[in-house]
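Reader: Hi, I'm new to this one. Could you walk me through it?

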Amino acid sequence: MGRMPKVTRADVTAAARNPLLYIAQRWTASPTIVRRAALAALVMAVAIVVTGGAVRLTGSGLGCPTWPKCTSDSLTVTSEMGFRGIVEFTNRMLTYVLCAAVGWAIIAARSAKPWRRPLTRLGWVQFWVVMGNAVLGGIVVLVGLNPYTVAAHFLLSSALIAVAVVTWQRTQEGDGAPRPLVGKAVVQLTWLLVAASAALIAVGTVVTGTGRHPGDSKDVPRIPLDWTMITQLHADLAWVVVALAVALWFVLKAVDAPAGPRARARDLFLVLMGQGVIGYVQYFLKTPEILVGLHMLGSCLVWIAVLRVLLSLRERPEVPAEVPAPADSALSHA
């Protein structure tokens, strides 16, 4: 084995003062590592939503009845708390895994050569959204699973997924100014699709807040709306999103758009069809837990697919690195 590098007091001071800079000066992350780190953060953002759904669907929302501790006397779950306590505590622990994934994405972006400052900033945005949602999750527990806070918790998770998708996309392109690949009307139609999808997700949280699976077997408050009515509104919005997706697909073909946007529009349509089937089946089967969980996963996939369509409508070229002029050339110009 080779000798271990000698760590000086100056190294320790530099690492404590700016650990990201210290790592970046001694290690270079390849573009592949940066892409994989960004993808890992996105996967964990989806995973935390799915496991959060499992907490609600198993009635484990108050499995750990307080926060940040699991009980007033214990930081971790105890044997007396049973299965529900384990489910809730596991979901809390996955937040640390998510933080680690986001932290790895930040380190990788900072250690790329040349340093891609926008990627690092996007990573920090993800980090602070995670921190904010962790605090909001604690509030959800402290207020006894109030449905409005539960809805806000899910919507903030959707915002995290959006930032993670943008970050992942940016790792696959340059830092030059964006250049549109389609006309302004197509971009406007896509933004309408994004807005309709966001409304669909928001109304979906209201459906959850009025229906079954409140998250605990105790008397959990529900949103005072008719579940059938709000479910019908949710279904109507879903058809609006499908119609917009189909229209966009045909428009992209009609204007002979590049293959990338057309492929993303096709993928979105397929994801919407799968999500629609799950939605209608769970409705007629009185929302069984497994299908509700799949529907939550489908909601994340639809949101990702919509955002990928939007991001595919432009390209960002690489920014050429500045090459310093030779010394003799510089002197002659002087």
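Author: Here is a short tour, from the overall layout to the helix contacts and the cores.

Author: This is a predicted model, where local features need pLDDT of at least 70 and side-chain atom pairs count only at pLDDT 80 or more, while totals for chains, interfaces and linings use all residues. Residues are numbered from 1 along each chain as its sequence is written, and side-chain values use heavy atoms, leaving out hydrogens and water.

Reader: Okay, how many helices and strands are there in the chain?

Author: The chain has 11 helices and 2 strands. These are DSSP runs numbered from the N terminus, with helices being H or I of at least four residues and strands E of at least two. From the N terminus on, the order is α-α-α-α-α-α-β-α-α-α-α-β-α.

Reader: And what share of the residues is buried?

Author: Buried residues, meaning those under 20% relative accessible area with a 1.4 Å probe and protein chains only, make up 43% of the 334 in the chain.

Reader: Switching topic: at what angle do α3 and α4 cross?

Author: Helix α3 (residues 31-57) and helix α4 (residues 82-111) cross at roughly 165°, and their axes come within 8 Å. Axes here are lines fitted to C-alpha atoms, for helices over the stretch in contact, with angles from 0 to 180 degrees between N-to-C directions. So α3 is roughly antiparallel to α4, a term for angles over 145 degrees.

Reader: Which residues of α3 and α10 make their contact?

Author: On the α3 side they include Leu-42, Val-46 and Arg-56, and on the α10 side Glu-289, Met-296 and Cys-300 are among them. Contact means heavy atoms within 4.5 Å. The axes of α3 and α10 come within 10 Å and cross at roughly 155°, so α3 is roughly antiparallel to α10 as well.

Reader: What about the largest nonpolar core: which residues touch the most other members?

Author: Those are Ile-161, Leu-193, Leu-252 and Leu-268, out of 66 residues in that core. A nonpolar core is a set of buried Ala, Val, Leu, Ile, Met, Phe, Trp, Tyr and Cys residues joined through side-chain atoms within 4.5 Å. The biggest contribution to this core is from α10, with 11 residues.

Reader: What does Leu-268 touch, then?

Author: Not counting residues up to four places away in sequence, Leu-268 touches Leu-193, Ala-245, Val-302, Ala-305, Val-306 and Val-309. There is also a second, separate core of 5 residues, including Val-140 and Val-220.

Methods:
Angles under 35 degrees count as roughly parallel, over 145 as roughly antiparallel, 65 to 115 as roughly perpendicular and the rest as oblique. Buried means under 20% relative accessible area, exposed over 50%, partly exposed in between (1.4 Å probe, protein chains only).
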